[in-house]
Amino acid sequence: MNELSPEFTAVDINEFFDKKDRVEDSGLDTGIVVFTEHQRQLVKTLRQTLSEIKKEELEPFNKRVEDLKKLAAAIANFPSLLERANLTGGTRTPTSLIDSLINSKREGDTALQLPSKATLGKGFLVAKLHTFSSLEKISREANLDPKIISAFHDETISMMFLLLAEDVYLNLIRDTTLSMASRRQLAISLLLLWEHRADQNISDISPVLQSVWKARTRLAPAFGTMMGTSELIMISFQLDEQWSDFIKTKLGDAEVNQSMEEFLFGISYEQITRLKNILREKGIAAIGRDEVSSFLETDVKTNVSEDYRDFFQQYSLRRDNARARKRMNLPGPHKTLEDFFISYVMEKNREKQNKDNYASQK
């Protein structure tokens, strides 16, 4: 388990569903992970430093940390999503919750249909993300070891990917092109994420997506010819093995390719298509990033930084566009690149788990 991993063991709660949703008898930890062990050590190091060189910042620092703990404790008072719960509207079990997620036909914002603990937990995660972003800034001002500063930065980004993962899981759970086994696995992962506000899958995947994002920000693609895609692919083979396997296996799929273009160029499928047509009509081979707005006659942002907020904003735009296309049955990608990649990784993990289980039974 890497240093970004949450301090609990990921559990496939399917094993508890044999009879009457036996999750309540499992002894499974149902608390929010306020700080992983690694995060706790970072906070402790910063607290010690502030007590020595910046005592005036120690009190607000301690208050912010305690506020996070109090918020987590308050959320823990709501019924666990991993146990049978007798609610005002009836009994809820993990199985019934998973079934409702898989069978839901609702479009648009589903916030009011989600469990209170899920909604409140998302607020906790945002507060924790802002806290660690502030702690990174304090670490820089205190001239801490660059490794400590970098660790705070990485933890902040990891939390952003947890927010992204929640969106991805919700999207894929209702994707009828996936197998029912895959959708149930995704629903279980979502319940665990809601319960703990930590996720082993995303802890492993987030460094990969972060590396790809960094590569994307450093490329200068030529719009029109779509030069730059090949550069990203070449860089991909120097990154994580799962990412390079994903590229080799899935990029031949037209929809995956379209979602990759949106990710790489920072504009929508519709804008990419329109730009290609304009350049073809004008007999122009390619243009630079700074010329895109004038050709499309609208202000578009194609230059993005490595800031995690830029990543999430770009992702959310692509997510909303993909959902709109799917709802209205329009051409273009109906899923984001993150949807495709996370689905691919989880399917490979499930295949490996099945093989391991089969081997152990022989």
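Predicted model: local features only at pLDDT ≥ 70, side-chain atom pairs only at ≥ 80, totals over all residues.
Let me start with helix H13, residues 308–328, whose 21 residues should span 30 Å at 1.5 Å a residue, and since its end C-alpha atoms are 30 Å apart, the two values agree.

At its N-terminal end the cap is Asp307, with a side-chain oxygen 2.7 Å from the backbone nitrogen of Arg309, and just after the helix Asn329 takes a positive phi of about 55 degrees. Its buried residues include Tyr308, Phe311 and Tyr315, but also Asp310, Arg318, Arg319 and Arg325. What do the buried residues of H13 pack against? They pack against helices H4, H5, H7, H10, H11 and H14.

H7, residues 200–218, is one of those partners, and its 19 residues reach 29 Å from first C-alpha to last, close to the 27 Å expected at 1.5 Å a residue. This helix has a kink of about 30 degrees at Ser206, shortly before the proline Pro207. Here the N-terminal cap is Asp199, which places a side-chain oxygen 2.8 Å from the backbone nitrogen of Asn201.

In soluble globular proteins, nonpolar side chains tend to be buried together. In this model the largest nonpolar core has 79 residues, of which Tyr169, Trp194, Trp243 and Phe246 touch the most other members. Helix H5, residues 146–173, gives the most to this core, with 17 residues. Apart from it lies another core, of 14 residues, among them Leu264, Phe265, Leu279 and Leu296. Returning to Trp194, and not counting residues up to four places away in sequence, this side chain's residue touches Leu81, Leu101, Leu114, Pro115, Ala118, Glu166 and Leu170.

Asn77, by contrast, is exposed, with a relative accessible area of 68%, and lies in the loop between helix H2 and strand S1. The C-alpha atoms of Asn77 and Lys117 are separated by 9.0 Å, although the two residues are 40 apart along the chain.

Note on methods:
Residues numbered from 1 in each chain as written. Heavy atoms only, no water. Core = buried A, V, L, I, M, F, W, Y, C linked by side-chain atoms within 4.5 Å. Buried < 20%, exposed > 50% of the residue type's maximum accessible area, 1.4 Å probe, protein only. Helix = DSSP H or I, 4+ residues; strand = E, 2+ residues; numbered from the N terminus. Contact = heavy atoms within 4.5 Å. Expected span 1.5 Å × (residues − 1). Bend = angle between axes of the 7 residues up to and from the residue. Polar contact = N/O pair within 3.5 Å; in protein donor to acceptor, adjacent residues only side chain to side chain.
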